[in-house]
Amino acid sequence: MSFELVTDYAPAGDQQQAIEKLVNSLNVGNRHQTLMGVTGSGKTFTMANIIQKTNRPTLIMSHNKTLAAQLYSEFKNFFPNNAVEYFVSYFDYYQPEAYIPRSDTYIEKDSAVNDEIERLRLSTMGSLLTRKDTIVVASVSCIYGLGSPDDYVGSMLPIYVGQEISRDEFLKNLVELMFERSDTEFSRGRFRVRGDVVDIHPAYLERTAIRVEFFGDEIDRISEIAMPRGASTGTMENYTFFPAKQFVTNKTTLKKAMRAIRDEMTERIDEFETQGKLVEAQRLKMRTEYDLEMMEELGYCQGVENYSRHLTGREPGETPYTLLDFFPDDTLLLVDESHATLPQVRGMYEGDRSRKNTLVEHGFRLPSAMDNRPLKFAEFLERVEQNVYVSATPGPFELANSRQDVKNYIKIAGKDGIGIDPLTIRRMTIETSGNEEPVTDFDPEQRGRSLIVEQIIRPTGLLDPELVMRPLKGQIDDTIELCRQNVEKGERVLVTTLTKRTAEDLADYLKDTGLKARYLHSDIDAIERVEILRSLRAAEFDILIGINLLREGLDLPEVSLVCILDADKEGFLRNETSLIQTAGRAARHVNGKCYLFCDVVTDSIQRLIDITEYRRGKQMEHNEKHGITPKSVIRAVQESLQQYSNEERGGKSVETSIVGEDETIYNATAILMELEKEMLAAANNLDFEKAAHLRDQIKALKEKVGLGKAEN
């Protein structure tokens with residue numbers, strides 16, 4: 001196994017020292033490492049170098065699909081000769097099963113699976129079981145229940161030229177691997193038979209199928225064919241087929257599981273009847289017996305994952321299998337934007353448990369459904385021995401586990417440092433879900449030493465934005481004047497408010513003064529949000545007003561001014577992390593400034609000031625030493641993929657834009673997911689005109705970016 005980093009760039013700025021420190025820390029066995037890298041310092045490139053130098057299978061976690069897709073694209077370019085895989089939730093649309101007792105409302109599970117993402121998930125599982133040089137970019141879906149790795153390995157079907165096996169027996173084996181026979185529609189997860197020739201399209205391959213030719217009861221030839229033409233592209237001596245589905249259960253295990261399900265049903269019904277809950281008992285009996293009949297006839301049922309404990313033979317309360325169980329013991333975990341990703345991991349278990357507890361209490365599910373769950377936070381930590389947390393604003397967990405270097409950082413940044421003093425760190429514990437006792441995770445003798453590595457120096461020489469304090473009185477008038485000055489210089493402005501109404505009213509007010517401004521918040525659909533951001537970069541307007549949009553992943557090099565209104569209203573939107581991330585949006589422009597309107601310097605504002613001064617000082621010292629002149633980041637703006645322009649439909653003017661740019665916020669794959677989700681929602685609401693409109697957009701975008709033709 002060897003990870004080969006392919007790039008024309010060499011580490012620059014702070015990257016080299018960060019790489020060396022982190023690699024040394026990992027090599028001596030330290031468990032927790034934190035890369036505190038500022039915006040624009042090249043954290044992804046540092047991560048790639050760490051992977052190459054440690055030469056270990058790696059899991060990279062991100063807190064949303066869009067950022068994960070961007071990381072996947074970047075790492076595929078960095079490691080073209082290795083297996084780089086993408087593992088996120090394969091639902092374009094997902095409505096979980098739920099029950100609302102107050103209104104006696106049952107909501108049935110509804111979902112739409114994205115076939116392409118399902119293929120990538122299957123490819124991930126196959127690579128992990130067959131290759132050591134594997135990098136997996138995943139969202140937090142990797143902590144959700146998955147089939148047993150042992151069952152998956154046991155279900156693999158290896159074949160070779162000269163093997164004695166009849167065609168019918170081979171077809172039977174394919175069916176057991178959940179492949180479907182279809183002689184008319186040949187697509188992923190299916191096979192077709194033409195005499196002694198069997199074509200199989202593995203679910204984890206995109207445009208490649210496998211042809212197996214028989215001579216009597218012997219395999220005569222195995223070849224690879226290109227789809228959809230079916231032309232042979234080469235022969236091979238052997239091949240291994242993986243299951244066509246992520247959950248695989250053989251007939252013996254299925255029958256055993258069905259007996260266990262029936263026994264649990266009988267026991268639970270007796271319990272309900274003893275308590276006088278006859279409605280719940282009858283409901284549970286009808287639903288479970290129907291599921292058992294479906295499993296007996298088809299091998300699966302709707303919501304079969306709720307019986308996963310019986311299907312995998314686990315004990316009540318036992319930790320479920322997840323993607324982490326497919327990784328070898330020496331796996332390295334890189335957590336991108338850890339301040340947002342780790343809280344997601346921590347909160348998944350309780351949210352899932354709360355919903356299912358209601359279903360179980362009212363007879364919609366057996367108690368064993370509770371064991372189909374994501375990992376608890378403590379269970380997640382147990383499964384990976386060495387972690388690198390990557391963020392410009394690490395959270396309490398990362399800092400507490402890197403306490404030795406936090407103390408040094410506190411001395412540099414000021415009395416309160418970044419919000420955690422040594423006494424607080426000693427008292428902190430890892431919170432675990434359920435009834436377990438809190439786990440202290442700060443004993444270096446038990447867990448290994450830890451460290452924080454700063455990556456502050458940007459190769460471009462750009463400094464953190466200059467901070468300017470202004471009073472609250474007259475903040476709107478001051479903001480207008482600042483915007484006017486910036487617009488005259490041809491630069492863009494971002495303004496953050498505390499409410500949607502304020503953002504909308506301020507945008508209207510700025511327009512009345514002759515400035516070109518727009519607002520952006522969660523009520524605006526995903527496609528329009530992308531178009532607004534593209535329009536800002538293209539100078540179609542100059543001022544963008546929002547609430548919590550100016551955070552991770554927003555890359556707008558033309559923005560030189562950020563105005564934070566009501567900056568002293570301490571809370572989620574004005575805490576330390578939010579202020580640092582928001583101010584950083586102006587860090588890609590040489591004239592970057594951040595104005596904070598406040599009457600009181602809160603603890604969060606003070607920490608922002610301390611950290612900014614510290615980072616600016618280090619960057620200026622580096623620039624003077626190496627004769628670097630800071631220059632703004634310059635990046636081309638791609639044109640909008642305009643599908644409809646002032647076209648009349650049903651007497652209405654329809655104008656919709658979508659953007660395809662190879663950046664985080666313009667990722668074509670993410671846009672397609674959002675479009676398909678909105679199309680399904682429109683169809684469910686019987687708004688078929690809008691659904692058809694969105695369908696046409698999906699088709700055009702897929703053809704534009706080379707993803708093939710969209711299905712109607």
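**Helix α1**

I started with α1, residues 15-27, in what is a predicted model. I counted 13 residues in α1 and got 18 Å from the first C-alpha to the last. That is close to the 18 Å expected at 1.5 Å a residue.

Next I asked which residues of α1 are buried. My list came out as Q15, A18, I19, L22, V23, S25 and L26. They sit on the same side of α1, because they cover an arc of only 160° around the axis.

Then I looked up what the buried residues of α1 pack against. Two of the partners are β1 (32-37) and α2 (43-54).

**Cavities**

I ran through the cavity search for the whole structure, which finds 6 cavities of 30 Å³ or more. For the largest cavity I wrote down a volume of about 130 Å³.

How many residues line the largest cavity, and which lie nearest its centre? I have 18 residues in the lining, with D464, I580, A583, G584 and R615 nearest the centre.

Sorting the lining of the largest cavity by class, I got 9 nonpolar, 5 polar and 4 charged residues. I then looked at where the lining comes from: α19 (576-583) and α20 (603-626) each supply at least two residues. The biggest giver is α20, with 4 residues.

**S166**

I moved on to S166, which I found in the loop between β9 (157-160) and α6 (167-176). Is S166 buried, exposed or partly exposed? I put S166 down as partly exposed, because its relative accessible area is 23% and the cut-off for buried is under 20%.

For its surroundings I left aside neighbours within four places in sequence, and S166 is then in contact with F214 and D217. I also took the C-alpha separation between S166 and G216, which is 7.2 Å. Those two residues are 50 residues apart along the chain.

**Whole chain**

The chain has 22 helices and 27 strands. Of its 712 residues, 53% count as buried.

I also wanted to know what share of the contacts with a separation of 6 or more comes from residues 24 or more positions apart. I noted 73% for the chain. The S166 and G216 pair, at 50 residues apart, is my one worked example of sequence separation set beside a C-alpha distance.

How values were computed: Residues numbered from 1 in each chain as written. Predicted model: local features only at pLDDT ≥ 70, side-chain atom pairs only at ≥ 80, totals over all residues. Heavy atoms only, no water. Expected span 1.5 Å × (residues − 1). Buried < 20%, exposed > 50% of the residue type's maximum accessible area, 1.4 Å probe, protein only. Arc of directions from axis to C-beta. Contact = heavy atoms within 4.5 Å. 1 Å grid on protein atoms, 1.4 Å probe; cavity = no way out; pocket = protein on both sides within 12 Å on 5 of 7 lines; lining within 4 Å. Points joined across faces, edges and corners; volume = space filled by probe spheres on them. Nonpolar A, V, L, I, M, F, W, Y, C, P; charged D, E, K, R; others polar.
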